[in-house]
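Visitor: I would like to learn how to read a structure like this one. Could we go through it feature by feature?

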Amino acid sequence: MQLERISKIQYVDGVRFRRGVVAAASRLIANSPHLDAINVFPVPDGDTGANMAGTMRSIVKSSGDSLEKSLEKMSALIAESALNGAKGNSGAILAQFLCGFAEGVKDMRRLSPSDFARVASLAAHRSCEAISDPKDGTIISVIKDWSAHLSSRSHEYKDFHHIFSDSLHYAQKSVKATTEKLAELKSAGVVDAGALGFVYLLEGIVDFLENGKIEESFIADNDPLYKVDGVQNKVTVEKLEYRYCTEFLLKGSTIDKKAVRDAISDMGDSLIVAGLPDCVKVHIHTNDPDSVEDIVSAFATVDKRKVDDMLVQHKRLLADTRKVGIVTDSTCDIPAEIIAEYDIRVVPLRLTIDGHEYIDHVTLAPEEFYRMLPNAEKALTSQPSPGDMKRVYSAACADYENVVSVHVARVLSGTYQNALTVSREYDTVTAFDGERVTGGLALSVLEAANAAERGASVSEVAMITERAIKNVKVFVTMDTLDYVVKGGRMSKGQGIIAKALNIKPIIEFAGEGHVNTVSRAFGRKRQEKTFIRLVSEALKGKNNLRYVITHADAPEKADKISAIMKKKYGVDPLFIGAASPVIGLHSGPGACAIAFLADD
């Protein structure tokens with residue numbers, strides 16, 4: 001993302017604060033698999049990276065592309081977003097840090113370097129207060145060390161590049177010291193995952209200040225402490241004192257955090273109560289999540305609940321026989337929870353809208369994109385950079401013996417060619433032209449992921465992938481042709497005629513991903529009937545149906561198609577998902593696609 005170069009800035013306002021947070025989030029999200037791999041404390045359940053990344057994604061998504069200049073207002077928005085999306089121990093601590101930061105900048109429109117050091121100290125203090133039993137050698141240690149260093153040198157800092165580059169080095173030293181502070185870390189030979197996650201955030205900001213591009217935040221550090229193989233096998237456990245990682249988001253007014261903490265302090269460990277007077281995040285490891293909920297619900301309304309069985313998570317990591325990793329790109333439109341379930345690695349495409357560059361599904365979510373689209377004057381898409389592709393391949397190859405990479409049709413994007421070029425640097429990567437896009441690509445990826453999850457060899461996964469690519473079918477209903485005309489796939493004259501006649505086309509992604517118009521229905525009702533007929537004809541004599549539905553800001557249409565398919569075939573879709581901004585830019589709002597596979 002090309003942004004304002006601000007390496008010598010003397011102050012931070014709301015806009016600059018958000019940009020720094022986005023840069024920090026990008027770095028952490030990119031490297032979250034490393035954090036999962038080294039996560040052994042307080043429980044070796046391998047999810048610290050995913051939890052911290054989920055917290056930061058919530059911030060990026062909720063703050064949107066805001067141009068709010070008031071630092072007070074922007075920090076308050078980011079703090080609330082962090083609370084709403086906070087996941088796990090480290091995520092809750094991050095959220096409390098940002099709440100403390102928001103408290104420190106109250107009534108301030110901008111921040112100087114010396115102000116920042118003071119506010120960071122308050123945020124670190126608030127983070128410590130949120131934890132019932134803070135441990136030396138964790139994320140909170142690094143936050144305290146970092147903020148103390150800032151305070152001791154605040155009078156020396158000339159600008160924000162100076163303050164972050166200097167304090168980053170100190171934080172990195174603090175992270176490396178965590179290995180010796182906790183027995184679990186020393187036994188596994190790793191640093192604390194949450195602490196390293198905090199350093200990734202700082203690294204992202206420094207990269208941005210030095211390069212003016214969020215793109216640079218995707219480059220992974222090669223320090224051997226950041227990548228350690230076989231960690232979970234060094235810290236195997238048969239039982240846990242407290243088995244369930246339990247989280248509640250409380251909403252109310254003037255919630256007494258201390259009273260909440262005192263009420264459940266004897267229900268488990270790793271207790272964190274973080275937040276604001278009207279929004280509080282509760283995190284605890286316990287054996288009785290329901291009883292904890294009964295207690296905290298007396299203080300405020302339970303808005304969200306999450307319970308994870310950490311022992312099951314740990315045993316799954318140990319028993320994992322999977323040898324093949326799966327990589328795809330953001331045009332596949334697979335929902336985040338399925339991507340996480342199968343550990344599918346995704347390299348994002350990019351968009352430029354009215355001069356602003358966005359990262360598909362990272363800094364621009366579908367719902368935000370469709371709000372922007374009607375007023376966009378100029379919008380373009382671009383394939384991932386070689387650096388993005390290399391980053392994802394490096395991480396996947398570190399975690400799996402072999403990698404199968406499946407991408408959007410080469411006739412539609414240069415992404416596959418980019419993947420093919422970069423994959424030549426890796427002996428264990430096999431790249432495929434997925435020959436489809438959106439749900440069609442998703443089905444091929446999921447077939448590969450299912451095979452990999454079953455423990456199939458790389459040759460078996462490759463064979464199943466090739467078969468899926470060959471057999472998947474995709475039909476798309478278009479609601480408007482305006483964006484097809486803008487994209488140059490139809491002349492302006494043809495678009496005017498089609499609009500005047502209320503023509504609603506249906507297109508098919510056929511061999512190699514070429515787009516064919518298979519129907520030009522007059523009106524929406526005829527389009528729907530024709531759409532279902534085309535699907536039915538394609539499924540004659542088939543069984544074992546697997547299908548997905550994706551849509552461009554048309555959830556009602558997607559639900560209707562799903563209901564028809566369920567009634568006709570007795571099968572639910574694998575998922576119903578929103579088309580990525582890269583897809584929506586070419587289809588326009590209202591488009592809906594069904595992709596399906598079936599056996600003879």
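Guide: Contact means heavy atoms within 4.5 Å. Helices (H or I, at least four residues) and strands (E, at least two) are DSSP runs, numbered from the N terminus. This is a predicted model, in which local features need pLDDT of at least 70 and side-chain atom pairs count only at pLDDT 80 or more, while totals for chains, interfaces and linings use all residues. Residues are numbered from 1 along each chain as its sequence is written, and side-chain values use heavy atoms, with hydrogens and water left out.

Visitor: How many nonpolar, polar and charged residues are in the contact of α5 with α7?

Guide: The classes come first: Ala, Val, Leu, Ile, Met, Phe, Trp, Tyr, Cys and Pro count as nonpolar, Asp, Glu, Lys and Arg as charged, and the others, Gly among them, as polar. The contact of α5 with α7 has six nonpolar residues, no polar and no charged.

Visitor: At what angle do α5 and α7 pack?

Guide: Axes are lines fitted to C-alpha atoms, for helices over the stretch in contact, and angles run from 0 to 180 degrees between N-to-C directions. Helix α5 (residues 113-130) packs against helix α7 (residues 160-177) at about 40 degrees, and their axes are 9 Å apart. Angles under 35 degrees count as roughly parallel, over 145 as roughly antiparallel, 65 to 115 as roughly perpendicular and the rest as oblique. The pair α5 and α7 is therefore oblique.

Visitor: Is the crossing of α5 and α7 left-handed or right-handed?

Guide: A crossing is left-handed if the near helix is turned anticlockwise from the far one by less than a right angle, and right-handed if clockwise. For α5 and α7 the crossing is right-handed.

Visitor: Which way does α1 pass α2?

Guide: That crossing is left-handed. The axes of α1 and α2 cross at roughly 155 degrees and come within 8 Å, so the two helices are roughly antiparallel to each other. Residues of α1 in the contact include Val 21, Leu 28 and Asp 36, and those of α2 include Met 52, Arg 57 and Val 60. By class, the contact of α1 with α2 has 12 nonpolar, four polar and three charged residues.

Visitor: What joins Phe 41 and Pro 42?

Guide: A cis peptide bond joins them, with omega about 0 degrees. Pro 42 lies in the loop between α1 (14-37) and α2 (48-63).

Visitor: How do α18 and α19 pack?

Guide: Helix α18 (residues 438-453) meets helix α19 (residues 458-471) at an angle of about 155 degrees, with the axes 8 Å apart. That makes α18 roughly antiparallel to α19. Their crossing is right-handed. Among the residues in contact are Ser 444 and Glu 447 of α18 and Ile 464 and Thr 465 of α19. The contact of α18 with α19 has seven nonpolar, two polar and one charged residues.

Visitor: In what order do the four strands of the open sheet stand?

Guide: Two strands pair if DSSP finds at least two bridges between them. In the open sheet the order is β2-β3-β1-β4, with antiparallel pairing. At the edges are β2 (268-276) and β4 (301-309), each with a single partner strand, so one side of each has no neighbour in the sheet. On average, neighbouring strands of this sheet are turned by 10 degrees against each other, direction ignored. Strand β1 (residues 244-251) is joined to β4 by eight bridges, and Thr 246 stands opposite Val 307 in β4. Helix α4 (residues 88-104) packs on the sheet and touches β1, β2 and β3 (279-286).

Visitor: Is Asp 333 buried or exposed?

Guide: Buried means under 20% relative accessible area, exposed over 50%, partly exposed in between (1.4 Å probe, protein chains only). Asp 333 is buried, at 4%. Its phi is near 65 degrees, a positive value in a residue other than glycine. Asn 544 is not a glycine and has a positive phi of about 55 degrees. Asn 544 is in strand β15 (residues 543-551) and counts as partly exposed, at 46% relative accessibility.

Visitor: How many helices and strands does the chain have?

Guide: The chain has 24 helices and 17 strands. Of its 600 residues, 57% count as buried.
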